[in-house]
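Morning, everyone. Let me put the model up, and then I'll go through its aromatic pairs and a few other spots.

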Amino acid sequence: MASEEASLRALESLMTEFFHNCTTNERKREIEELLNNFAQQIGAWRFCLYFLSSTRNDYVMMYSLTVFENLINKMWLGVPSQDKMEIRSCLPKLLLAHHKTLPYFIRNKLCKVIVDIGRQDWPMFYHDFFTNILQLIQSPVTTPLGLIMLKTTSEELACPREDLSVARKEELRKLLLDQVQTVLGLLTGILESIWDKHSVTAATPPPSPSSGESGGDLLSSLLQSPSAAKLLNQPIPILDTESEYICSLALECLAHLFSWIPLSASITPSLLTTIFHFARFGCDTRARKMSSVNGSSQNSVLGQERGRLGILAMSCINELMSKNCVPMEFEEYLLRMFQQTFYLLQKITKENNAHTVKSRLEELDESYIEKFTDFLRLFVSVHLRRIESYSQFPVVEFLALLFKYTFHQPTHEGYFSCLDIWTLFLDYLTSKIKSRLADKEAVFNRYEDALVLLLTEVLNRIQFRYNQAQLEELDDETLDDDQQTEWQRYLRQSLEVVAKVMELLPTHAFSTLFPVLQDNLEVYLGLQQFVVTSGTGHRLNITAENDCRRLHCSLRDLSSLLQAVGRLAEYFIGDVFAARFNDALTVVERLVKVTLYGSQIKLYNIETAVPSVLKPDLIDVHAQSLAALQAYSHWLAQFYSEVHRQNPEQFISLVSTALEAITPLISSKVQEKLLLSACHLLVSLATTVRPVFLIRIPAVQKVFNRITDTSAQRLPDKAQVLVCRALSNVLLLPWPNLPESEQQWAVRSTNHASLISALTREYRHLKSSAILPQRKVRLEDTKVIIHQTLSILEDTVESISGESTKSRQICYQSLQESVQVSLALFPAFIHQSDVTDEMLSFFLTLFQGLRVQMGVPFTEQIIQTFLNMFTREQLAESILHEGSTGCRVVEKFLKILQVVVQEPGQVFKPFLPSIISLCMEQVYPIIAERSSPDVKAELFELLFRVLHHNWRYFFKSSVLASVQRGIAEEQMENEAQFSAIMQAFGQSFLQPDIHLFKQNLFYLETLNTKQKLYHKKIFRTTMLFQFVNVLLQVLVHKSHDLLQEEIGIAIYNMASVDFDSFYSAFLTEFLASCDGVDSNQKNVLGRNFKMDRDLPSFTQNVHRLVNDLRYYRLCNDSLPPGTVKL
């Protein structure tokens, strides 16, 4: 023993040294190597067994258990059976002897090591593994230990990792399922007996105001039986610490078991009732009160523990709730579960003198509330359709409880989660009404009151008038991942609910919302009387602090309500246009009035008593009124098409007034938020509404003059682009409701040419100077001109790319000179990647939108210029040395080529050889070896387009030949290029980039679906099984695990071209080439791969092969060196 004793002391001092804060990293590495070498020795476990029983040092115990874990999971096959028996008997004894004194993390680790042995050896060599666990649970002294073992077994054996063969995984699952009934019975017994034991001994206190909860009408109607109601109204027992601990372990076990066992009769009503008893611990506020009254720390811990039992019970319930597949015989249990949970919901939301609902919810544990909300979400999303048909289930009363629960949530997150549940409910209702037109009225009548209440309350919640304290807590500055602030998210989610109610109950919703909007508008429109002229300009003469605060609240509310009105615009158009015309007209008239009012009295420039608050408010209201009006542009377009023939006066007046509101705002002196709202509205009027008289309105002519006047100060970039888009569209887009002969194209064409000419004057002058060497200062100025002009031109082209041929023709005529200038400037800036990037963006947009108008000769000239400029050296410089901008330039160039190779007809076919050679000989070699994904995705998309749209360039199948032979034996052309492209695809599957892998696999599958790629002779004979081999290796190496399913399907599609060869030749060759497995194991793998020819069975076989191959390799690696295998 001396050597063991000495080793233990040495190990203890090594461990202490390793974790000492003065030890250097170098020394730590030495110690680590020493420990690893020790663990690898055969028989090291004997020392570890001694260490475990003889030390109190946590580090040493943890190290010893790690040695066992490694032995069992990686080397077990090579351990002599005598040793295995010894380990199987010693470790459980050790656990039994010391479980009370071991630190919990050591105890749990030891349990896990024993369960790992069971995972390998039960029931064949370790037949009493599970019976031991059951015995531990049944013996009162070791119940907690048994429960920990049970939970660990459920975790490790029900869903084991891949270090087991598929057959063993299936066996373990079956063995565990056989035990489920016994286990659930035991757990029910434990929970029931603890509950009953403490219920009997707890003296029932007289009902105090907070605890005396009568059954209540709802409860009786929910539970259908007074006895159940009575049961649930018993006072909650007070448990001692040991009992609490056992209950929490039992509930944790149940939650894990429920995550994998199917819903079945073994989950008995008594078990469900017991779980619900424990769920009541979470909504018992008295436990918390006791702890605060008695003040002792132990009591407060007790309160938290009790709360935790409630949380664990709710986790069990939610595990059951999340299963969508419910057997018929289980439906009744579900109904019972819902009834019991709604009893809890009623308890949580009960109001009485001592408590408001909100204060009650605030007292509950936050995690309990979260679990409860999860339950409600699962109920509505998964089970509502199932339960609603039960006449004994009071859905409307449930909604009343959910309503209370939602609007008394103590946190914003909680409120958001509840709004999500309402959104799910409204979606459910909408689809139900669409699918059941017959009893539509009955459904409406049933839910109408609930929906109106919901709408009113959600609207109140977004208004400072009713909810100032909470709304002021919301952050309106920091942007989240979706680029919105907390306040914007709050408003958006609320407005989505409003919109969904509007869809169901349009008239109600409108009559609820409009009066509220009207009230706030009155305040806003009444501000005019407080505007006084002072020396410096206009001032708002409201100074009292209280008045300023009230004004601030009213303006914030007006802004929110304007957004609400805008969100509802879609419910006034289409089929319901006539029916809801008057409501919509009222809204639009108000909006036009408000926008004009804001622009006329220039509220955005007014001085106020609290500029940091009121000025942004006034600007926001003005911007939101313009945005709301913009939302009604589709309604205005429909209005225009209805009235353009008879009496359009009302329509003309609305549009003209709106333009009078917009034009004063188009100025560089106006704040950008307001300026952009005005520009967007102008674009919508020009693009969506397109009135024929737009160009004749003085306000619009004023904007034309301002934009084309070079002396006027330029607007910020974004605004400039939008205004130019609006003006260009006024001239280019066909007028609705008018025949071609009345479109006045000639005049509009001239006007458009002069507009573009004015906008590009400076840019076109660059052509002459671009040839000269640029000075630094000149270069920066030139870049600014290029950026400003191209962003406008690109936007102009993009906005008409989907329009009629005539519009595109006129657009190209106006742009022609600028396009030629761009092509001439391109070579001069080839080394300035930021400029090249913008130019290629512009050319890409031209190719996408105007390639027909540009004509073949000029398009050829552009492509040829690019092909000449992008030499191998230039590409290398862009990709390797210019960082992301350089890569973007090459990507845009490849995108342009994608458009070219997709063009039908013969026009651009002559370019194919040079495009393919550019890809394969110039771009591909530069990027093939780089790990960075830059450029690759675009290059492979281009190669895919080359194949997909130019299949006949490679495969010329003659109809005659196919008729004569009965099978198309296609002639192959350009074979070398085809093989090179396929080789590149194959290489891409060996690289770690998962996005590229997914994209390229999709491309191959598409080519197979559309063009039968896998069936082509060249692919079948020289490439097919290489691809299958690569894909199988990828699965074995687990490098792209997220794509398992896609890879399995692709392997099937490839193998199915020639199943016979796959089974007779490929599979044998594949297994023969596998290293790390012996010939016997290869035979087993081959035999287990059944010769199925349907997709599900085949992919199952593939995944089985991959799993077992990995498992055998793991086993073989774990055998001691020199092991002889028979």
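First, a term: buried means under 20% relative accessible area, exposed means over 50%, and partly exposed is in between, with a 1.4 Å probe and protein chains only. This is a predicted model, so local features need pLDDT of at least 70 and side-chain atom pairs count only at pLDDT 80 or more, while totals for chains, interfaces and linings use all residues. Residues are numbered from 1 along each chain as its sequence is written, and side-chain values use heavy atoms, with hydrogens and water left out.

Now the rings. Rings of Phe, Tyr and Trp (its six-membered ring) pair if their centres lie within 6.5 Å; planes under 30 degrees apart are stacked, over 60 edge-to-face, the rest tilted. How many aromatic pairs does the structure hold? It holds 75.

Take Phe-19 and Tyr-59. Their centres are 4.0 Å apart and their planes at 20 degrees, so this pair is stacked. Phe-19 sits in the loop between helix H1 (2-18) and helix H2 (25-40), and Tyr-59 in helix H4 (residues 58-74), so the pair ties together parts 40 residues apart in sequence. Helices here are DSSP runs (H or I, at least four residues), numbered from the N terminus. Phe-19 is partly exposed at 45% relative accessibility. Tyr-59 is partly exposed too, at 40%.

Next, Phe-651 and Phe-693. Centres are 6.1 Å apart and planes at 75 degrees, so this one is edge-to-face. Phe-651 is in helix H29 (residues 649-662); Phe-693 is in the loop between helix H30 (672-689) and helix H31 (698-708). That pair ties together parts 42 residues apart in sequence. Buried or exposed? Phe-651 is buried, at 0%. Phe-693 is buried as well, at 10%.

There is also an aromatic cluster, whose members include Phe-1025, Tyr-1052 and Phe-1098. Tyr-1052 brings us to helix H49 (residues 1044-1055), where Tyr-1052 is among the buried residues, along with Ile-1047 and Gly-1048. What covers them? The cover includes helix H46 (994-1011), helix H48 (1024-1037), helix H50 (1059-1073) and helix H52 (1095-1118).

Last stop, Asp-116. Asp-116 lies in helix H6 (residues 104-121). Its relative accessible area is 0%, so Asp-116 is buried. Not counting residues up to four places away in sequence, Asp-116 touches Glu-69, Ile-72, Asn-73 and Glu-156. Contact means heavy atoms within 4.5 Å.

Notes: Helix = DSSP H or I, 4+ residues; strand = E, 2+ residues; numbered from the N terminus. Expected span 1.5 Å × (residues − 1).
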